[in-house]
Amino acid sequence: MAKRMTDTDKWKKRFIRELSPEHKLLWLYILDDCNHAGIWEVDIEVASIRVGCELIYDILPKAFLDKVVIFDNGDKWFIPDFIDFQYGELNPNSNVHKSVIHLLERYSLMGYLKGSQTLPEGVKDKDMVIVKDKVKAKRFAKPNVEDIIDYCNERNNYVDAQKFYDYYSSNGWKVGKNPMKDWKAAVRTWEKNTEAPKKSKVEQSLDTWQEARQMING
């Protein structure tokens, strides 16, 4: 289970105060459900189930959408403030930050961070305008194992990609009795139920030794 810092003063901010109750819940849900680079895989249907309110993509408040960068044809949202709050200035020498920087560079999002003076390459001012078009349902495309591995690496989770593929390919890519609509949403569900692999006794002993060495040298 990932742990993140939270802003206890958020309830005093006008942005939060002016949101409706369901949109307050959605915003907090997105901050928890996005990956470690502040990128959220848009799934309003699943979000509606988890927050307990019916949400509609094309009537989200403008103040809400001003907080995110919509890309990948509306399938992903990026929250620039997430990076500033969770990490501050990104340091390429930090292993954790390296992973974040890799994802932001992959999607040309570095230019949206605070302190950046330029827009990402290929992005013009007109592209910054958020258009609240309704997301149209897409025809389901079955992933291969490599697709699942890549997505799990992007999410930085511990889902067994081969096991996931074998399970759904054997049942005809269905969720319960219904045809699957979004395999990435299914991965995210597995992610919440998958714990980090336990370390072996050798690894645990090595960790203990390294901690003791740091204390002696510290």
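Predicted model: local features only at pLDDT ≥ 70, side-chain atom pairs only at ≥ 80, totals over all residues.
Residues are numbered from 1 along each chain as its sequence is written, and side-chain values use heavy atoms, with hydrogens and water left out.

Back to the first pair. Two packed helices are described by the angle between their axes and the distance between the axes. Helix α7 covers residues 145–155, and its axis lies 9 Å from that of α8, at an angle of about 130 degrees. Axes here are lines fitted to C-alpha atoms, for helices over the stretch in contact, and the angles run from 0 to 180 degrees between N-to-C directions.

Which residues of α7 and α8 make the contact? On the α7 side they are V145, I148 and I149, and on the α8 side A161, Q162, F164 and Y165. Contact means heavy atoms within 4.5 Å. By class, this set divides into 6 nonpolar residues, 1 polar and no charged. For the classes, Ala, Val, Leu, Ile, Met, Phe, Trp, Tyr, Cys and Pro count as nonpolar, Asp, Glu, Lys and Arg as charged, and the others, Gly among them, as polar.

Next, the other partner of α8. Helix α8 runs over residues 161–170 and helix α9 over 183–192; their axes come within 12 Å and cross at roughly 120 degrees. That pair is therefore oblique as well, and α8 passes α9 in a right-handed crossing. From α8, the residues K163, F164, Y167 and Y168 meet W183, A186, V187 and W190 of α9. This contact has 7 nonpolar residues, no polar ones and 1 charged.

One more residue of α8 is D166. D166 is partly exposed, at a relative accessible area of 38%; the scale is buried under 20%, exposed over 50% and partly exposed in between, with a 1.4 Å probe and protein chains only. Its C-alpha atom is 9.0 Å from that of V145, which is 21 residues away along the chain.

Now the chain as a whole. It has 10 helices and 5 strands, taken as DSSP runs numbered from the N terminus, with H or I and at least four residues for helices, E and at least two for strands. Of its 218 residues, 33% are buried. Among contacts between residues at least 6 apart in sequence, 60% join residues at least 24 apart.

On to the cores. A nonpolar core is a set of buried Ala, Val, Leu, Ile, Met, Phe, Trp, Tyr and Cys residues joined through side-chain atoms within 4.5 Å. The largest has 37 residues, and those touching the most other members are W40, F64, W77, F78, L104 and L109. Apart from neighbours within four places in sequence, L104 is in contact with A37, F78, I83, L90, L109, M110 and L113. A second, separate core has 12 residues, including A161, W173, A186 and V187.

W173 also has a backbone point. Most residues other than glycine have a negative phi. W173 is not a glycine, yet its phi is positive, about 55 degrees. W173 sits in the loop between α8 and β4 (174–175) and is buried, at 6% relative accessible area. D72, also not a glycine, has a positive phi of about 55 degrees. D72 is in the loop between β2 (69–71) and β3 (76–78), and is partly exposed at 33%.

What does N35, leaving aside neighbours within four places in sequence, contact? Its partners are R4, F82, L103, E154 and R155. N35 lies in the loop between α2 (21–33) and β1 (39–41), with 3% relative accessibility. The C-alpha atoms of N35 and N157 are 9.4 Å apart, across 122 residues of chain.

E41 lies in strand β1 and is buried at 7%. Not counting residues up to four places away in sequence, E41 touches D75, K76, Y151, E154, K184 and R188. E41 and G74, 33 residues apart in sequence, are 9.2 Å apart from C-alpha to C-alpha.

Definitions and conventions: Parallel < 35°, antiparallel > 145°, perpendicular 65-115°, else oblique. Left-handed = near helix turned anticlockwise from the far one by under 90°.
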